[in-house]
Amino acid sequence: MLGNLNIRVIFEYFPALWQGFLNTLMMSGLGFAGAMILGIIACALTIQPLRWLRAPAVAYVDVIRATPLLAQLYFLYFGLPRLGILLPEILIGIVALALNSGAYVAEIIRSGILAVPRGQFEASMSSGLTYLQRMRFIILPQAIRPTVSPLIGQAIVLVKDSSLLSLISVVELARVGQQIALDRFMPVEGLAATAAGFLIIYYMLKALAALWSRFNRLPGQA
Amino acid sequence: MFWFQVERLLNYWPLLLKGLGMTVSLSLISLLIGGVIGLLFGIIRAGRIRWLSFVVGLYIDLFRGTPFLVQVFICFFILPSVGIELSAFSAGVLALSNLSACFIGEIVASGIKAVPRGQSEAALSSGFRHWQQLRLIILPQALRIVRPSLVGQFILLVKDSSVISAIGIMDLTRSGWMIVQNIPNGLLIFGVVGVGYFIICYPMIFLARRMERRNQSSLL
Amino acid sequence: MIRFQGLNKWFGNALHVLKDIDLDVAKGEVVVVCGPSGSGKSTLIRCVNGLEPFQKGSLTVDGVDLGAKGVALRDLRMEVGFVFQQFNLYPHKTALENVTLAPIHVRGLSKTEAVERGEALLAKVGLADRMNNYPSQLSGGQQQRVAIARSLCMQPKIMLFDEPTSALDPEMITEVLDVMVSLAKEGMTMMVVTHEMGFARKVAHRVVFMDQGAIVESGEPASFFGNPTHDRTRDFLSKVLHH
Ligand SMILES: Nc1ncnc2c1ncn2[C@@H]1O[C@H](COP(=O)(O)OP(=O)(O)OP(=O)(O)O)[C@@H](O)[C@H]1O
Ligand SMILES: [Mg+2]
């Protein structure tokens, strides 16, 4: 099967593949940035005491986590025009990715904050620092450290998920692969090229996570 | 207008229910098959046969690193070209089982590694054979440790199964997609579809959280 | 029963943990090993049932040469019981199941036979009423007694103990030591790493003092405690005895 791989086709389509690769990167990047913003806001709302602010944030996180991205994507794609909101597909896609990952980001950050030992809050309170100082110097540095690896993990998920945008005809890596498959009846070449593109991103992000955990270990941690 | 659409949607009720049934059966079958293979993968990954562990690790990585959609297409479009004809349903089950085997493999391996060293030393000292040690002492503890992750994995499986709709399987997402062609109200239709998924997944999210809390308190 | 001859062990290339160990333990003998933390006591005793490999010298246990290639470690381990500092009970099994698991699956005893034997042993260590409890429902001292019963249920020829009481609260130490004392009096061959000098005085035939991976001094309890020859031994004893 691999022996018959038609490398020529891949070369011929290389510009399209490259464009798809860049689009995937761009959409994932924007989607992840949006997810971070949404996630931080949602997390902040879920850990603050006002009930009427907390409830919608918790509902957002739970609903997103309990439904598939594809259904969320179709919800926006077929639903937004109903509300008179006409957006290009690519923007709908990015919004869907951000909304979806935002819920997971919120959970990751929340568990980071919850993992800070209680004693740290108490110690920082009795040291006479103001609320913001306590957050900035004591709580957040400890809370952020354990979230980095899971956040990179979420970025990996998001990049792979962005392939679903091909189903609402956004041109990205998976879509280009499908085009090669369908135009030229060469599914192996098309899908292999697509898979390779995603694997490159995957291994880069994985290496990033490994680097981070290697250089950011506290002294004495295994 | 809205109520009219709701009324029309009621006609599609059987289609939606069927879709829900398909989603559940796809996920359950894949969980079963993927669970068995994943257990094997996990044992190999945590095991001492270096090259085998490496090969399985590489295999798992390939599937963890590529989008599920691409994997589904590979099962559906490429396998026939090498002479393996699959129905859309079998292709879907194959892709989903394989994916869950890969994820469960990593989960099981992490569970095995989380069992304290003293356990296998105690087992060794009593003269258990390697596989006895695994079966009687290590695996039961490892599986207990990873139970919340396994439930989490099943949630992922249910959600990932929606991707299989791309090759025409009539699951919950696909039935929503069909209906929306006739009733042009995406908010309503995919709202209802979302409720379907929510009913399956939310109780499990809840369960996983509770297990996790119990695990943590039992470790203290 | 156990014979170390010029045994040497390294961790990696740099860490020389055991240096020229010569030691004989006869059948029915009780040998207590003591020494400061990091002196290599655990490593020494773990060599005896093959949990740690060694690089130089020889070690023969119950007629089995542990240095030989392809040695049947499993057969040896069936004859050698090991009690850990951290108990290492199987948390998903009850006390009785912990005790009977190996006899059933390793020795091939029938379940009824194993249960009979296990119940008798648990009763002997004073846990007749705790057989169906899980380890998490037992105190440290009770867990360690289950662990001892678990080893005994294989009817071993040799029992090894690695600091069996040092993870225990003071009030539980005696209940475990009592079990070990009665075991010693029954004539079991025992090698015990411990700082419980009372135990050593009472039942040990020989006390061995280790420091920095070497055996510094060894002798009968009376002379060992009465007039130790080495400064380091004296130093060590003054620390353990006066606390
Ligand atoms: N698996 C290992 N790898 C590398 N070094 C080890 C290992 N196990 C033990 N060591 C080192 O070997 C030396 C001897 O350790 P050992 O556990 O035998 O000492 P010990 O006398 O039992 O001490 P303690 O009273 O603290 O139990 C120590 O310096 C220890 O750090
Ligand atoms: Mg030790």
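Reader: How far apart are the mean positions of the positive and negative charges of chain C?

Author: They are 3 Å apart, from 26 positive and 27 negative charges. Lys and Arg count as positive, Asp and Glu as negative; His and the chain ends are not counted. Each charge is placed at NZ of Lys, CZ of Arg, CG of Asp or CD of Glu.

Reader: What kind of model is this?

Author: This is a predicted model, where local features need pLDDT of at least 70, side-chain atom pairs count only at pLDDT 80 or more, and totals for chains, interfaces and linings use all residues. Residues are numbered from 1 along each chain as its sequence is written, chains are lettered from A and ligands numbered from 1 in written order, and side-chain values use heavy atoms, without hydrogens and water.

Reader: Back to chain C. How many helices and strands?

Author: Chain C has 9 helices and 10 strands. These are DSSP runs, numbered from the N terminus: helices are H or I, at least four residues; strands are E, at least two.

Reader: How much of chain C is buried?

Author: 55% of its 243 residues. Buried means under 20% relative accessible area, exposed over 50%, partly exposed in between (1.4 Å probe, protein chains only).

Reader: And its span along the principal axes?

Author: The C-alpha trace of chain C spans about 50 × 45 × 30 Å.

Reader: What is the secondary structure over residues 20-45 of chain A?

Author: 100% helix and 0% strand, with end C-alpha atoms 37 Å apart. Residues 191-212 of chain A are also 100% helix and 0% strand, with their end C-alpha atoms 31 Å apart.
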